[in-house]
2 protein chains.
Amino acid sequence: MEETTGLRERKKAATRLALHEAALRLATEHGLDRVTVEAIADAANVSRRTFSNYFSSKEEAVFHGDAVRLRRLLELVRRQPADAPAWDALSGAAERLAVEAYGNAPPSWLVHRRQLRGHPGLVAHQVAAYTAIERDLADDVAHRLTGPDGALRSRVLAATFLASLRVAIQHWIDHPDGPLLDILRTALTEAAGARPGTGAPATAG
Amino acid sequence: MEETTGLRERKKAATRLALHEAALRLATEHGLDRVTVEAIADAANVSRRTFSNYFSSKEEAVFHGDAVRLRRLLELVRRQPADAPAWDALSGAAERLAVEAYGNAPPSWLVHRRQLRGHPGLVAHQVAAYTAIERDLADDVAHRLTGPDGALRSRVLAATFLASLRVAIQHWIDHPDGPLLDILRTALTEAAGARPGTGAPATAG
DNA sequence: TCAGATCTTGCCCGTAGTGCAAGTTTTCCC
DNA sequence: GGGAAAACTTGCACTACGGGCAAGATCTGA
């Protein structure tokens with residue numbers, strides 16, 4: 001827990017956070033496409049040019065929080081027991097994330113997020129953020145797999161896992177009746193056992 | 001198979017196709033970010049403004065082919081046997097798509113696609129295109145599910161299925177040793193049975 | 001304290017996306 | 001076949017975005 005960062009680094013973090021929060025607030029207030037980069041920069045007391053030094057687009061600024069949480073997820077996966085099978089490691093890390101990063105999210109956060117739901121440019125960036133770490137995640141779980149086609153199968157695992165996580169969080173934002181953890185478990189169970197849950201496929205013709 | 005379309009419609013289709021092909025060709029030749037919308041429009045003999053009437057961005061023009069195939073996939077899913085379980089319907093449709101839409105793709109197509117691999121703006125758009133139909137797909141398979149949490153679970157199914165399909169196609173483009181169908185089956189099997197495939201099926205504690 | 005590294009800002013340019021209105025092509029119906 | 005209506009194309013103008021560049025401000029390390 002060493003927080004011995006220099007002043008410069010702390011200022012940068014503060015600016016990044018200010019831009020992120022300004023972007024989130026303005027986007028939920030007026031709708032993202034009625035908010036200019038300049039307005040976000042103004043709200044964070046920096047120039048338009050400086051905004052570009054931190055984020056490459058409005059969308060990236062809005063989803064900065066998600067990006068942080070996704071990096072945290074990677075960290076959690078790496079810290080799973082060395083002998084845990086791939087899917088167990090992934091779902092274990094996800095459940096941990098659901099508690100530590102979303103467990104005590106203020107209701108206002110949910111309201112904010114629900115405002116942003118459905119905006120085309122935003123969902124595009126959101127899924128892009130998820131798939132951005134797909135390769136890293138696949139690399140991290142590859143060693144937990146046995147059998148042939150490791151590269152392909154670890155990639156499928158990472159992709160389906162991230163898709164499940166994304167859907168679970170989205171569902172929770174839309175229907176916040178109950179903790180995310182319950183929804184996440186349902187989603188991960190469905191993903192892990194698509195076969196038994198839907199009926200026996202048996203080679204499916 | 002009625003092709004009784006009017007002249008206007010045929011012209012529009014031709015223009016759309018010309019723009020798509022020009023975008024694909026120029027992007028593979030020079031790299032997408034060194035190609036302007038104006039250049040694509042010129043290559044298709046229309047104005048820059050007309051380009052915007054057909055596609056909202058370069059990326060959309062490049063991925064027009066994928067969008068068409070994804071719509072076709074929806075169609076194939078709807079035509080699956082009414083009593084087929086959800087996952088069977090999805091994988092059945094995917095296997096059909098692999099044959100009919102990718103089965104006789106010329107090698108040059110694979111080369112083109114490999115050129116585009118890894119471009120950040122492109123993968124973002126690609127995954128966005130996939131998730132764009134996620135909701136429709138979920139609605140189409142919801143009635144094939146039994147049990148509680150149908151909305152969530154059908155969404156998870158659609159999302160994980162599309163993720164698997166995307167990964168399979170990507171893997172095939174990167175390693176075209178063998179038909180897509182084989183890779184697809186491996187991917188879908190891994191997705192459907194993530195748990196048993198990865199090692200110990202029983203809680204693995 | 002001070003030199004070097006790093007960050008911020010304004011300026012500028014090329015590109016993107018879009019409303020609008022005028023001109024062109026296709027359709028539809030008599 | 002003719003002519004009005006609908007649909008499409010195009011150029012223009014304007015806003016916004018992203019990023020290179022250089023000058024000034026701020027932080028760091030010795």
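## DNA strand C

A side-chain N or O atom of A:Lys12 sits 3.1 Å from a phosphate oxygen of DNA strand C. This is a predicted model. A:Arg8 places a side-chain N or O atom 3.2 Å from a sugar or linking oxygen of DNA strand C. B:Arg48 reaches a base: one of its side-chain N or O atoms is 3.0 Å from a base nitrogen of DNA strand C. The elements giving two or more residues to this surface are α1 and α3 of chain A, together with α1 and α3 of chain B. α3(A) gives the most, with five residues.

In total, 21 residues surround DNA strand C. A:Thr50, B:Leu7, B:Arg8, B:Lys11 and B:Arg49 are the closest. By class, the surface near DNA strand C has nine charged, eight polar and four nonpolar residues. Of the atoms of DNA strand C within 4 Å of the protein, 59% belong to sugar or phosphate. The rest belong to bases.

## DNA strand D

For DNA strand D, a side-chain N or O atom of A:Lys11 lies 2.4 Å from a phosphate oxygen. B:Tyr54 also meets a phosphate oxygen of DNA strand D, with a polar side-chain atom at 2.8 Å.

DNA strand D is surrounded by 21 residues. The closest are A:Leu7, A:Lys11, A:Arg49, A:Ser56 and B:Thr50. The surface near DNA strand D has nine charged, seven polar and five nonpolar residues. Sugar or phosphate accounts for 58% of the atoms of DNA strand D within 4 Å of the protein, and bases for the rest.

## Helix α9 of chain A

Helix α9 of chain A spans residues 134–142. Its buried residues are A:Glu134, A:Leu137, A:Ala138, A:Asp140 and A:Val141. They lie on the same side of α9(A), because they cover an arc of only 165 degrees around the axis. An α-helix has 3.6 residues a turn, so residues three or four places apart point the same way.

What do the buried residues of α9(A) pack against? In chain A, they pack against α5 (64–78), α6 (86–100), α8 (120–132) and α10 (150–174). They also pack against α10 (150–174) of chain B.

Notes
Residues numbered from 1 in each chain as written. Chains lettered and ligands numbered in written order. Predicted model: local features only at pLDDT ≥ 70, side-chain atom pairs only at ≥ 80, totals over all residues. Heavy atoms only, no water. Near = heavy atom within 4 Å. Polar contact = N/O pair within 3.5 Å; in protein donor to acceptor, adjacent residues only side chain to side chain. Nonpolar A, V, L, I, M, F, W, Y, C, P; charged D, E, K, R; others polar. Buried < 20%, exposed > 50% of the residue type's maximum accessible area, 1.4 Å probe, protein only. Helix = DSSP H or I, 4+ residues; strand = E, 2+ residues; numbered from the N terminus. Arc of directions from axis to C-beta. Contact = heavy atoms within 4.5 Å.
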